[in-house]
Amino acid sequence: MAVRGTKDLFGKELRLHQHIVATARRVLEAAGALELITPVFEETQVFEKGVGISTDIVRKEMFTFQDRGGRSLTLRPEGTAAMVRAYLEHGMKVWPQPVRLWMAGPMFRAERPQKGRYRQFHQVNYEALGSESPILDAEAVVLLYESLKELGLRRLTVKLSSVGDPEDRARYNGPDVYLIPLTEEAVAEAFYLAEALRPRIRAEYALSSKKPGKGVEEALKRNAAFVGFLGEDELKTGEVTLKRLATGEQVRLPQREALGFLLSALA
């Protein structure tokens with residue numbers, strides 16, 4: 001028998017699966033999206049940093065194992081973190097931006113199987129990376145809505161929520177920390193650290209490398225409480241330098257201790 005929480009696809013059900021993927025391909029590629037196939041497993045830190053180490057997905061729902069070399073690997077529980085890893089690893093930052101990517105494939109969650117929920121399931125992912133424009137968010141909603149319409153679904157309702165634009169958030173609720181990559185190599189680390197912090201605090205990051213002064217200027221405009229510097233030295237040691245903007249006090253500490261420090265400092 002198939003492992004509990006998994007299933008075989010064949011016949012009518014397989015044809016339906018293929019039709020869904022083909023429909024998504026047609027709609028998304030017409031909008032300029034490039035198909036991407038990532039490995040079904042990644043280094044565990046890709047998901048810990050990309051999804052957030054304190055989220056239920058990371059704490060309770062990942063299939064994680066060690067390979068023969070002792071590395072911690074994880075079957076992908078979702079697509080975004082792997083797609084961002086590929087975007088950064090393959091130098092897509094220097095392509096014309098934004099870069100639109102899509103993928104379809106199996107995902108894996110170690111949760112209790114029940115009707116309609118499996119430990120291995122299939123998902124279509126779409127990402128537009130390299131721009132902060134809200135138009136891309138609207139476009140993503142429209143493209144996925146169009147994909148569902150093309151599949152013949154009717155009476156669809158889209159429900160939207162919003163955390164406001166950057167100016168609104170800065171005016172009423174600025175980020176607790178604004179991460180500043182000082183080198184291009186540190187941009188990916190800033191993304192991963194921000195994602196690790198976000199389940200508990202408000203964290204934002206610069207999408208490209210900045211000089212310290214320029215980064216602090218941006219953080220002040222956003223009404224951030226702290227800035228976090230990630231430079232060549234911090235990358236080598238796995239640390240981050242945190243500076244409280246109100247007083248100028250700063251401390252350098254391991255990234256794994258950043259959340260605890262910030263929670264205590266912001267209390």
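In helix α8, which spans residues 212–221, the buried residues are Gly215, Val216, Glu218 and Ala219. Looking down the axis of α8, these buried residues stay within an arc of 160 degrees, so they line one face of the helix. This is a predicted model, so take what follows as a reading of that prediction.

What does the buried side of α8 sit against? Its buried residues pack against β7 and β9, the latter covering residues 226–230. On the face turned away from that buried side, you'll find the exposed residues Gly213, Leu220 and Lys221. Once α8 is over, asparagine 223 follows with a positive phi, near 65 degrees.

## Helix α4, mostly tucked in

Helix α4 is another story to look at. Of its 10 residues, 7 are buried, so the rest of the structure largely encloses it. The buried ones are Ala81, Ala82, Met83, Val84, Arg85, Ala86 and Tyr87. Just past the end of α4, glycine 91 has a positive phi of about 65 degrees.

In soluble globular proteins, nonpolar side chains tend to be buried together. Here the largest nonpolar core is made of 33 residues, and the ones with the most contacts inside it are Leu101, Val177, Leu179, Leu197, Val240, Leu242 and Leu262. Helix α7 supplies the largest share of this core, with 8 residues. There's also a second, separate core of 11 residues, with Val27, Tyr126, Ala140 and Leu143 among them.

Leucine 101 is worth a click. Setting aside neighbours within four places in sequence, leucine 101 is in contact with Ala33, Leu34, Leu36, Met83, Met92, Asn125, Tyr126, Glu127 and Leu129.

## Salt bridges

How many salt bridges does a search of the whole structure find? It turns up 17. One of them joins lysine 93 to glutamate 184, with the closest N and O atoms 3.8 Å apart. This pair ties together distant parts of the chain, 91 residues apart: lysine 93 sits in the loop between α4 (80–89) and β5, and glutamate 184 in the loop between β7 (177–181) and α7 (186–197). Lysine 93 is partly exposed, at a relative accessible area of 27%, and glutamate 184 also counts as partly exposed, at 41%.

Arginine 100 and glutamate 139 make another salt bridge, where the closest N and O atoms are 2.8 Å apart. Again the pair links distant parts of the chain, with arginine 100 in strand β5 and glutamate 139 in helix α5 (residues 134–150), 39 residues apart. Glutamate 139 has 23% relative accessibility and so counts as partly exposed.

Is glutamate 195 buried or exposed? At 16% relative accessibility, glutamate 195 counts as buried. Its salt-bridge partner is arginine 198, and the closest N and O atoms are 2.2 Å apart. Arginine 198 itself is partly exposed, at 36% relative accessibility.

## Arginine 109 in its loop

Arginine 109 lies in the loop between β5 (99–108) and β6 (120–129). With 17% relative accessibility, arginine 109 counts as buried because the cut-off is under 20%. What does its side chain meet? A polar atom of the arginine 109 side chain lies 2.9 Å from the backbone oxygen of proline 77.

Definitions and conventions
Residues numbered from 1 in each chain as written. Predicted model: local features only at pLDDT ≥ 70, side-chain atom pairs only at ≥ 80, totals over all residues. Heavy atoms only, no water. Helix = DSSP H or I, 4+ residues; strand = E, 2+ residues; numbered from the N terminus. Buried < 20%, exposed > 50% of the residue type's maximum accessible area, 1.4 Å probe, protein only. Polar contact = N/O pair within 3.5 Å; in protein donor to acceptor, adjacent residues only side chain to side chain. Salt bridge = Lys/Arg side-chain N within 4 Å of Asp/Glu carboxyl O. Core = buried A, V, L, I, M, F, W, Y, C linked by side-chain atoms within 4.5 Å. Contact = heavy atoms within 4.5 Å. Arc of directions from axis to C-beta.
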